[in-house]
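Here is a short report for someone meeting this structure for the first time. Keep the sequence and the 3D view at hand while reading.

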Amino acid sequence: MKKIVLILISLVAFGISAWGQNVRVKAEFDSMAMWVGAQTKLTITAEYEGNKALNFITPIDSAIEVVDFVGYDTLANGSLMSVSASYLITGWDSALVYMDGLAVVDGQDTFWSNPLTLKIVDVPLDSTNAICDIKRLENADFDWHRFWILVACFVALVALIFAAIWAYERYFRNRKKDAGQVEQKPIDKRPAHVIALEALEHLRDENLWQSGRTKDYFSQLTDIVKEYIGRRYGISAIEQTTEDLLRELRLNTQIDIEKESVDMLKDVLEIADLVKFAKWSPLPADNERAFEKGKAFVHKTKKEEEVKQNEVR
């Protein structure tokens with residue numbers, strides 16, 4: 001008796017388990033009939049309990065063509081799952097298409113949908129209209145309005161080009177004229193040391209480093225000294241670095257300058273480089289000492305010249 005009860009329990013449990021693994025598949029068209037070349041949607045829906053990985057087999061039939069796969073749609077209602085796959089279908093010949101069940105595979109078993117039918121109907125022809133030959137080609141009338149618009153655009157473009165050329169030439173002509181005016185400025189023919197000492201006194205009166213403009217102060221100081229060297233010895237000192245200028249003053253045999261003067265100039269230029277390029281903040285005594293050494297350098301290397309009364313001051 002116990003064996004019979006156990007067997008019945010096992011059969012019931014197996015039946016419940018087997019039913020839970022069943023997959024119910026349903027297939028349907030959006031429309032049961034369509035014109036030749038038109039499209040309708042085929043939807044295959046699988047319902048099942050629990051979790052499954054289903055594979056929908058793409059429908060194949062000689063009378064229809066799958067145009068596109070629309071996509072999947074999943075719905076869940078508790079443990080009941082519903083997964084749908086949709087396809088766009090078309091047909092190119094009039095026929096009554098019969099399709100066997102469509103397959104869904106879960107990896108082990110294959111489940112089949114219900115069979116389907118689809119009516120593909122020819123597009124009706126309008127027999128009231130006679131068949132006509134292809135119309136001959138006709139020449140279009142000349143579009144004068146469009147022609148004159150194009151002419152006006154072309155003229156405007158040419159005028160714009162000439163205006164740009166005129167403005168360009170006038171701009172550079174004025175620049176050359178201005179440059180010529182700059183070049184025609186009177187040249188200060190006073191002795192180099194007179195010009196330098198005057199500029200140094202003007203720099204002292206500006207009180208630049210006293211007002212916090214230390215970098216501007218040393219920039220002007222070195223420019224005054226280098227411009228003096230350029231006038232005094234005929235070299236392009238203003239364009240040279242400190243190292244290059246000192247080397248030329250020491251090695252150029254055509255420049256008559258004492259070593260003591262070069263060392264004095266070196267002190268001025270090196271402290272100026274520290275302020276301008278290394279952002280060094282000198283003490284007030286350093287600012288004064290650099291000025292005095294620059295002034296002493298001019299006095300020590302100056303060349304007394306006689307200035308004509310008619311020369312430009």
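Salt bridges link Glu-201, Arg-204, Glu-288, Glu-292 and Lys-295 into a network. The model is predicted. Arg-204 sits in helix α3 and Glu-292 in helix α7, so the bridge joins parts of the chain 88 residues apart. Arg-204 is partly exposed, at 30% relative accessible area. Glu-292 is partly exposed too, at 38%.

The whole structure holds 16 salt bridges.

| Salt bridge | N to O distance | Relative accessible area |
|---|---|---|
| Asp-216 and Arg-213 | 3.1 Å | Asp-216 33%, Arg-213 42% |
| Lys-300 and Glu-260 | 3.6 Å | Lys-300 39%, Glu-260 49% |

Lys-300 and Glu-260 also link distant parts of the chain. Lys-300 belongs to helix α7, Glu-260 to helix α6, and 40 residues separate them.

**The nonpolar cores**

Which residues touch the most other members of the largest nonpolar core? They are Phe-218, Leu-221, Ile-229, Leu-245, Leu-249, Leu-265 and Phe-297, in a core of 34 residues. Helices α3, α4, α5 (242–251), α6 and α7 each give this core at least two residues. A second core is separate and has 24 residues, including Ala-27, Leu-42, Ile-89 and Val-104.

Take Leu-245 from the largest core. Beyond residues up to four places away in sequence, Leu-245 touches Lys-226, Ile-229, Ile-235, Ala-237, Gln-240, Leu-265 and Leu-269.

Helix α4 also contains Thr-214. Is Thr-214 buried or exposed? Its relative accessible area is 19%, and Thr-214 counts as buried because the cut-off is under 20%. Leaving out neighbours within four places in sequence, Thr-214 contacts Leu-208, Trp-209, Val-275, Pro-282 and Asn-287.

**Two loops with positive phi**

Most residues other than glycine have a negative phi. Asn-207 has a positive one, near 55 degrees. Asn-207 lies in the loop between α3 (192–206) and α4 (214–233). Its relative accessible area is 38%, which makes Asn-207 partly exposed. Lys-279 also has a positive phi, about 55 degrees. The loop between α6 (259–277) and α7 (284–301) holds Lys-279. At 76% relative accessibility, Lys-279 is exposed.

**The strands**

Strand β10 covers residues 116–121. One face is covered: Leu-116, Leu-118 and Ile-120. The other is uncovered: Thr-117, Lys-119 and Val-121. Strand β2 (residues 33–35) pairs with β10 in the parallel sense, over three bridges. There, Ala-33 stands opposite Lys-119. Strand β7 (residues 95–99) pairs with β10 too, in the antiparallel sense and over five bridges. Val-97 has Leu-118 in β10 as its bridge partner.

An open sheet of three strands runs in the order β4-β8-β9, with antiparallel pairing. Strand β8 (residues 103–105) pairs with β9 over three antiparallel bridges. In β9, Thr-110 is the bridge partner of Val-105.

Terms used:
Residues are numbered from 1 along each chain as its sequence is written. This is a predicted model: local features need pLDDT of at least 70, side-chain atom pairs count only at pLDDT 80 or more; totals for chains, interfaces and linings use all residues. Side-chain values use heavy atoms; hydrogens and water are left out. Helices (H or I, at least four residues) and strands (E, at least two) are DSSP runs, numbered from the N terminus. Buried means under 20% relative accessible area, exposed over 50%, partly exposed in between (1.4 Å probe, protein chains only). Two strands pair if DSSP finds at least two bridges between them. A nonpolar core is a set of buried Ala, Val, Leu, Ile, Met, Phe, Trp, Tyr and Cys residues joined through side-chain atoms within 4.5 Å. Contact means heavy atoms within 4.5 Å. A salt bridge is a side-chain nitrogen of Lys or Arg within 4 Å of a carboxyl oxygen of Asp or Glu.
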